[in-house]
Amino acid sequence: FGELGRQLGAGCDVRVAWGPGEEAQRDRIVEVGAGAIQALPPTDLPTLGAWLAHASLLVTTDSGPKHLAVAMGTATLTLFGSTDPRGWQPPGTRHRWLTAPVDCHPCNRTVCVTPGHPCLDELSASRVASEAQAMLDGGGGRG
């Protein structure tokens with residue numbers, strides 16, 4: 001996510017949401033983002049919902065914030081690992097998904113048996129940035 005934020009940061013206001021116990025991940029994402037990413041302050045669900053309601057796009061994994069963004073009307077780009085996105089993705093062009101084209105996908109496992117977790121590790125930041133930028137440029141984002 002840090003590299004993704006660095007790639008998008010030139011033309012976007014990139015923020016990282018985080019929860020209790022995720023401070024190290026937050027700090028690493030901001031560090032890798034090289035000044036292109038700001039961390040949101042500690043927040044609760046109503047405040048996160050308000051942030052998401054004003055966001056143009058949320059890039060995330062299939063998680064609670066993704067579903068909150070959908071409820072708030074915010075476009076989403078969801079990075080799927082082991083699960084089949086067709087079962088968890090809302091319809092329409094405002095909500096897109098990506099996963100790496102690997103033979104074992106979807107396996108629906110909670111623990112990967114393949115070293116390196118290829119369904120996510122092989123999903124490059126440049127591929128995600130390209131899709132996110134297309135959405136922001138009018139191909140499904142908030143315009």
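User: Is Asp27 buried, partly exposed or exposed, and what does its relative accessibility tell us?

Analyst: Buried means under 20% relative accessible area, exposed means over 50%, and partly exposed lies in between, with a 1.4 Å probe and protein chains only. Asp27 has 42% relative accessibility and therefore counts as partly exposed, whereas Arg26, at 16%, counts as buried. This is a predicted model, in which local features need pLDDT of at least 70 and side-chain atom pairs count only at pLDDT 80 or more, while totals for chains, interfaces and linings use all residues. Residues are numbered from 1 along each chain as its sequence is written, and side-chain values use heavy atoms, with hydrogens and water left out.

User: With which residue does Arg26 form a salt bridge?

Analyst: Side chains of opposite charge can pair when their charged atoms come close. A salt bridge is a side-chain nitrogen of Lys or Arg within 4 Å of a carboxyl oxygen of Asp or Glu. Arg26 forms one with Asp27, and the closest N and O atoms are 2.8 Å apart.

User: How many salt bridges are there by this rule, and where do Arg28 and Glu31 lie?

Analyst: The count comes to 5 salt bridges, and one of them joins Arg28 to Glu31, with the closest N and O atoms 3.2 Å apart. Arg28 and Glu31 both lie in helix H2 (residues 23–32), 3 residues apart, about one turn of the helix; helices (H or I, at least four residues) and strands (E, at least two) are DSSP runs, numbered from the N terminus. Arg28 is partly exposed at 48%, while Glu31 counts as exposed at 56%.

User: Why is strand E4 described as largely enclosed by the rest of the structure?

Analyst: In E4 (residues 75–79), 5 of the 5 residues are buried, so the strand is largely enclosed by the rest of the structure. Both of its faces are covered, with Ala75, Leu77 and Leu79 buried on one side and Thr76 and Thr78 buried on the other.

User: Which strands are joined to E4 by bridges?

Analyst: Two strands pair if DSSP finds at least two bridges between them. Strand E3 (residues 57–61) runs parallel to E4 and is joined to it by 5 bridges, and the bridge partner of Thr61 in E4 is Leu79. Strand E5 (residues 95–98) also runs parallel to E4, with 4 bridges joining them, and Leu77 stands opposite Arg96 in E5.
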